[in-house]
Amino acid sequence: MADSARISLASEPLALGALDGRYRAAVAPLVDHLSEAALNRDRVHVEVEWLIHLTDNSVLPGTSPLTEAQRSALRKIVTDFNAASVAELAEIEAVTVHDVKAVEYYIGRRLEGIGIANLTALVHFGCTSEDINNLSYALGVKDAVMNVWLPAARTLVAQITAMAEESRDVPMLSRTHGQPATPTTLGKEMAVLAWRLTRQLDRIEKTEFLGKINGATGTYAAHYASVPSADWQEVSRTFVEGLGLTWNPLTTQIESHDWQAELYADMARFNRVLHNLCTDVWSYISIGYFAQIPVAGATGSSTMPHKVNPIRFENAEANLEISNGLLDTLGATLVTSRWQRDLTDSSSQRNIGTAFGHSLLAISNVAKGLDRLDVAEDVLADDLDHNWEVLGEAIQMVMRAESIAGVEGMENPYERLKDLTRGQRVDAARMQEFVSSLGLSAEAEARLLALTPGSYNGIASKLVDHLTK
């Protein structure tokens, strides 16, 4: 069929991107914080609180604190913000061709009904658009991190921690460079990932969300020109801190966004560690260490009925990579502004929700993927039993210790074990025969003869305790 003959879908209410279509359910909680509608609601919130702040403190001559009923009515503009509000703002913006100016007019329309039409000029007083925007974005990002993304990430890490605890004593052959190496336990390896992820989450939890409200170029020029008697820095500081943000005293027209770059770098690092977990678990599945629990009715392959594919981890990998591409770009772009202001940051920040969404989707998929895994202990044990050569490290280290203790015949331990084990498989009988021929002290020989690949994992199990310290 020629392209011109296709029925156009452009007029239908269909999602362009996967996050608002296929994966909507997984990322829906972010809509209340990082969508365009949420941004506009937060703009209304900042404007309303600024008006209340100015009147509560009688910053301008001729103003006085509002009544409690008037404050409540103003704040109801925010709490009642809904789809009709979004539509009304869109209508206003179609005329103003300016989103923040539309918010100013939206609030102004409601003041007469509250009995404070005389304060219309106080809406957006002394503000440049970025005064409102930077605070609104900071509130939205903070809420998204603290109320949605971070709890989901913490829950996932708790799930990984539980897996580490449950499998702490399950011996497993390690692989360095893909080759058999000193054994460990499955729990210890999961604990390493949980530990790494926790460190990143702890950093994210300590994020400072900065904000400013200081005018067109950060000098309070209009503020002092209009009301020179006010302490505008104090008014600014108390307002920003009253919103639950950290006050930035030195800015150009824009808040510098350095805190955003710091946050996104930490989130991207969390994503990368989680990506590492995905590739490790995927690899363990591929060699049979984990068995996947089939989902009733699910199809693994359109042609191979036997397959249960590790799709959750593969999906997570892709979404983590997309999230990091956006987070890295945001972090690099937002810290630079031409002189006092350009709009690069404004366009970039509209993608914050998308960056968070792909990360949240990945977290959801990893959690679901881990939930469908069973540890195949028999496979792990069989793998260990076919790799007795990994005890070569233990034997040569015991020989070194014996040499230092004065036992004769312990020369060239590394070379002797290399000749025995390198590039060839050694079974239990051959390894024990070798140990018995070395002339070790009775205690050392007994210790090595009792050692198996499954028991040669040091204090791997005990190391899992660090997750709860």
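## What lines the largest pocket

Sort the lining of the largest pocket by class and you get five nonpolar, eight polar and four charged residues. Keep in mind that this is a predicted model. The pocket has a volume of about 520 Å³. It has 17 lining residues, and the closest to its centre are Pro180, Glu389, Val390, Thr421 and Arg422.

S1 (residues 171-176) and S2 (residues 179-185) run antiparallel, with five bridges joining them.

## The annotated C-terminal stretch

An unreviewed UniProt entry puts the feature "domain: Adenylosuccinate lyase PurB C-terminal" at residues 337-456. In the model, that stretch is 62% helix and 2% strand. Its end C-alpha atoms lie 57 Å apart.

## A closer look at Asp342

Asp342 is found in the loop that runs between helix H12 (311-334) and helix H13 (344-349). Is Asp342 buried or exposed? Its relative accessible area is 14%, which is under the 20% cut-off, so Asp342 counts as buried. As for what its side chain touches, there's a polar contact with the side chain of Thr344, at 2.6 Å.

Key: Residues numbered from 1 in each chain as written. Predicted model: local features only at pLDDT ≥ 70, side-chain atom pairs only at ≥ 80, totals over all residues. Heavy atoms only, no water. Pairing = 2+ DSSP bridges. Helix = DSSP H or I, 4+ residues; strand = E, 2+ residues; numbered from the N terminus. 1 Å grid on protein atoms, 1.4 Å probe; cavity = no way out; pocket = protein on both sides within 12 Å on 5 of 7 lines; lining within 4 Å. Points joined across faces, edges and corners; volume = space filled by probe spheres on them. Nonpolar A, V, L, I, M, F, W, Y, C, P; charged D, E, K, R; others polar. UniProt positions renumbered as here; feature names shortened; annotations may be inferred. Buried < 20%, exposed > 50% of the residue type's maximum accessible area, 1.4 Å probe, protein only. Polar contact = N/O pair within 3.5 Å; in protein donor to acceptor, adjacent residues only side chain to side chain.
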